[in-house]
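This report describes the architecture of a protein complex, its interface, its nonpolar cores and selected residues. The sequence and structure are shown first.

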Amino acid sequence: MSKPSGYVTELTPFKVGCVLTCFLGSIIQQRRLYRQEMPGVCGHDLLSNLPGPLIEEILNWLPLRDAVRTSILSRAWRHHWKTIRRLDFDLRDPDSYLEKPGELLLSVIDHVLSQRSGSIEEFDCRIFSEISGNVGRWLLYLANHGIQHIALRFYHWSMRPTMCDRIFIGATLFKLPSFFFSSCKTIVSLSLFHCELEVIPFPSQITSFSLRTLRLFQVQASNKVFESLFYGFPRLEKLVLYMCIIKGKVKIASPCLRSLTIIDIHRVNMTLTSQQLPGLHKLGLRQIWDQDVSVALHSEWPSLQKMKLSGSGGYPSSLLVAAAACSQIKFSPLFRFNGLVSLSLVIHSTNREENLGLVQVLAGSPHLRRLEIICSARKRDNYCTKTRRRSAPVNETEVMNSTWGVLKELRSFDIVYMTDSEIKYVEGILARAPALETLGVYFKGASLEALNLLPRASPNVKILQLSSTDLPDW
Amino acid sequence: MSESTEKKMVRLRSSDGEVFEVEESVAKVAKTLQDMLEEDCADAVIPITCVRAPILTKVIDYCKDQVMISSSSSTTNNPNERTEQERKAWGQKFMEGVDSSTLCELLVASNFLNIEGLLNLGVDKMVSMIQGKYPQEIRDMFNVVNDFTPEEEEEIRNQNAWAFERDPYYKKRSSSK
C-alpha cells in the first residue's frame, strides 16, 4: 500500500514533463504509423477483417486470372491464391490470356500447377488436341491431389473457340491415356469433349471407384470400351451422351444410374430396358432417330419419374414411334410408366406415329402431374423414319378415338407454339384431367377463344397465356 | 389470431448497444442463434458482439424475407423452376447498392451468425465486385495498402505475367516515377 503513495510524493515537475513528452511522442508516432498504414479516406483495410475460410471461398469463385491477381494486393495476400481448389482455364473469356497461341496456355497451366499447394477439387481446361502432350502429366498430378471434378475439352486448330460444341469430323482426336481411369480414384464427375476412348484397363477390384457423373461430348469409342465404363464405374448416377459416335450394338446396364440424357447420337444401336436400368429416374432422349436408340416397352418401368423426348430434324421421337407400334399390336402387353410424374416432349402434329404414340404414353402414365408439349411444324414432319417414306397423314378421328386413359393426377399442362391443328391435344386432355389446375398456352396462330369453348373435366382450370420468357429451354 | 399475438420474441444487441426485438422464427434463420435458442437462453438479450446496428438491421431484413418466402412457398406446394428464378432475382435486388465496406461487414456478420444463404449472396457480390478489376482498383475499393517495394512487385508480376497483362494502372505508376 505504501509504494504508490511514495511514488506520488516523488513526482517532480521534471518527471511529469518527461512522462508527458513520452506520452505525446508515442501518440504522434502512432498517428504517423496509422497514416502510413491506412491512407484510405475512411480508414482501415476492409478485407483484412474477413475470416480466412471466407477469403478462400471468394478466391475459389473468382476466375483464375483474377485470383492470381490478388497476389499483388499486399504482403498478406501474396500466397492466398495458391490454396484455391478450383482451377478453370476458361477460353471463352473475351479478353483472356488464352486467346494467345496454345503453347502459352500449356506453360500457364504447368506454371500454375507447380505454384499451387494442397488438394484440388476441380480442373477445367480447353486446349488444342495437337499440343496435348502435357495432359498426361497433369492428370497424374490431379490424381495425386484428390481431384473430384475434371472437364477436359479438346478442340482443333481450325475450330474457333466459339465452335467448341460443334463436331469436327476428320480431326485427330485426343486419346485419353489408359492409366487415367485406374489412377483417379477420388474422381466424382468427369466431362470429356471431343476425344477418343481406347481400351480401358480397369483393375480387377473395381469397387473403389466413386465416379457418379459422366458427360461425354463428341466422344468416339467402340461398343466394348463403352460398355466397360459401366463395369468400371458401378456407382454411376448421371450419364450424358451428346453427339457421341459409338460403333456397334450397345447396351447400357448400370444399377445405380438415375439420370440418362442422350442427345443427337449417330449410328448407334442402343436399347434401353428397365431390367438393365432399374433405378432410372430421369430419361431424356432428344434429337434421336428411332433406329439409334430404342426403348424396350414390353414391361413396367416404375422408377421412371421424368421424361423429356424429341425426335431429330423433323423425324419423330423414337419412344413415341415405339409406343405407336405397341398400339398396333393387339397382343403386346401394355407398357406402363407407373411412376412417371413429369413429361415434356416435342410433337410434330402432322406425324401420325407421334400422335398415336403420345396418346399411348399418356394412357400408360396414370400418375402424371406435369405435362409439357412443344409443337413443331416442319416440312419433313410426316415422314416415317425407318423407311424415309411419307407416312400416312394424321387421321384426327383415329387420334381422338384411341384409348386416352384418364389423367387423374394431372395438375399442370403447358402447350407451346400452338396452332389450330394442335387444339385436338388440348381438347383430349381437358376432357380427361379432373384435377387440372393450370393450362399454360403460348400461341402461334391459334386463339384463346377456341380454348374457352372446350369442355373440361376439371371445374377450376386457370388458362394462362405464357410469355416468351416462360418457354422451356430446348 | 391468438397464435400470432403469442409469438415468442427474441432480443438481440448489436456491438454499438442497440437492441432489436425479432420473432423467434426470424432469429432462427441464423443457425448460430437457433443453436443458442435451443439451449434455452431466450429470456436474456443475446449480444452480437461483432455486428454494428446498421448491419444487423440489414441481416434481420434478410431473415424476415427468408421466413416470408418459405411460408409462401409451402402454401403453393410446388417450388418449381420459376420460383427459383424469382429467388435469384430477389437476392440480386437485396444486394443492390451495398457498398464495399457494408459488404465486408455483412460477410463477417453472416459468417458469425451462420446464415448460409446470406453468406452465398455476399460471396457472389464480392466476386462480381473483384472480377475483371486490376490490383490498384481493388486496393482502392477496399483500402488495401500496397506494402511491397517496387522491385518486389515487379518480381511477383513477372512470375505470373499472363495474369497482369495490359494493366493500365501499373504502367501509369512506372511512367510517373
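## Interface between chain B and chain A

Between chain B and chain A the count is 1 salt bridge. The model is predicted, and every value given here is computed from it. The salt bridge joins the side chains of B:E152 and A:R75, at 2.7 Å from N to O. The count of residue pairs in polar contact between chain B and chain A is 11, with both residues at pLDDT 80 or more.

Four helices of chain B, namely α6 (100-113), α7, α8 and α9 (150-159), each supply at least two residues of the side that touches chain A. Of the elements of chain B, α6(B) gives the most to this side, with 6 residues. By class, the side of chain B that touches chain A has 20 nonpolar, 10 polar and 9 charged residues.

In terms of contacts, 39 residues of chain B meet 42 residues of chain A. The size of an interface is often given as the accessible area lost when the parts come together. For chain B and chain A the buried area is about 3,600 Å², and carbon and sulfur atoms give 64% of this area.

## Chain B

Chain B has 10 helices and 3 strands. Along the sequence, these elements follow the pattern α-β-β-α-α-β-α-α-α-α-α-α-α. Chain B has 177 residues, of which 35% count as buried. Among the contacts in chain B with a separation of 6 or more, 61% are between residues 24 or more positions apart.

B:R139 is part of helix α8 (residues 135-142) of chain B. This arginine counts as buried because its relative accessibility is 3%, and the cut-off for a buried residue is under 20%. The side chain of B:R139 makes a polar contact of 2.6 Å with the side chain of B:Q136. Not counting residues up to four places away in sequence, B:R139 touches residues of both chains: A:I72 and A:L73 on one side, and B:V144, B:N146 and B:E153 on the other.

B:W90 belongs to helix α5 (residues 81-95) of chain B. With a relative accessibility of 24%, B:W90 counts as partly exposed. Leaving aside neighbours within four places in sequence, the contacts of B:W90 are B:Y62, B:D65, B:Q66 and B:I69. From B:W90 to B:A161 the separation is 71 residues in sequence and 39 Å in space, C-alpha to C-alpha.

In soluble globular proteins, nonpolar side chains tend to be buried together. The largest nonpolar core of this model has 174 residues, and the members that touch the most other members are A:M270, A:L272 and A:I373. Helix α7 (residues 116-130) of chain B gives the most to this core, with 8 residues. A second, separate core has 5 residues, including A:V346, A:I374, A:L466 and A:L471.

Around A:L272, leaving aside its neighbours within four places in sequence, the contacts are A:I252, A:L260, A:L277, A:L283, A:L285, A:V293, A:S294, A:V295, A:A296 and A:W301.

Helix α12 of chain A spans residues 423-430 and is mostly covered, with 7 of its 8 residues buried. The buried residues of α12(A) are A:I423, A:K424, A:Y425, A:V426, A:G428, A:I429 and A:L430.

Most residues other than glycine have a negative phi, and most peptide bonds are trans. A:H194 has a positive phi although it is not a glycine, and A:Y417 likewise has a positive phi in a residue other than glycine. A:H194 is placed in the loop between β5 (189-193) and β6 (195-196) of chain A, whereas A:Y417 lies in strand β21 (residues 412-418) of chain A. The table lists phi and relative accessibility for these two residues.

| Residue | Phi | Relative accessibility |
|---|---|---|
| A:H194 | about 55° | 3% (buried) |
| A:Y417 | near 60° | 33% (partly exposed) |

A:H194 counts as buried because its relative accessibility is 3%. A:Y417, at 33%, is partly exposed.

Note on methods
Residues numbered from 1 in each chain as written. Chains lettered and ligands numbered in written order. Predicted model: local features only at pLDDT ≥ 70, side-chain atom pairs only at ≥ 80, totals over all residues. Heavy atoms only, no water. Buried < 20%, exposed > 50% of the residue type's maximum accessible area, 1.4 Å probe, protein only. Polar contact = N/O pair within 3.5 Å; in protein donor to acceptor, adjacent residues only side chain to side chain. Contact = heavy atoms within 4.5 Å. Core = buried A, V, L, I, M, F, W, Y, C linked by side-chain atoms within 4.5 Å. Buried area = accessible area lost by both parts, 1.4 Å probe. Salt bridge = Lys/Arg side-chain N within 4 Å of Asp/Glu carboxyl O. Nonpolar A, V, L, I, M, F, W, Y, C, P; charged D, E, K, R; others polar.
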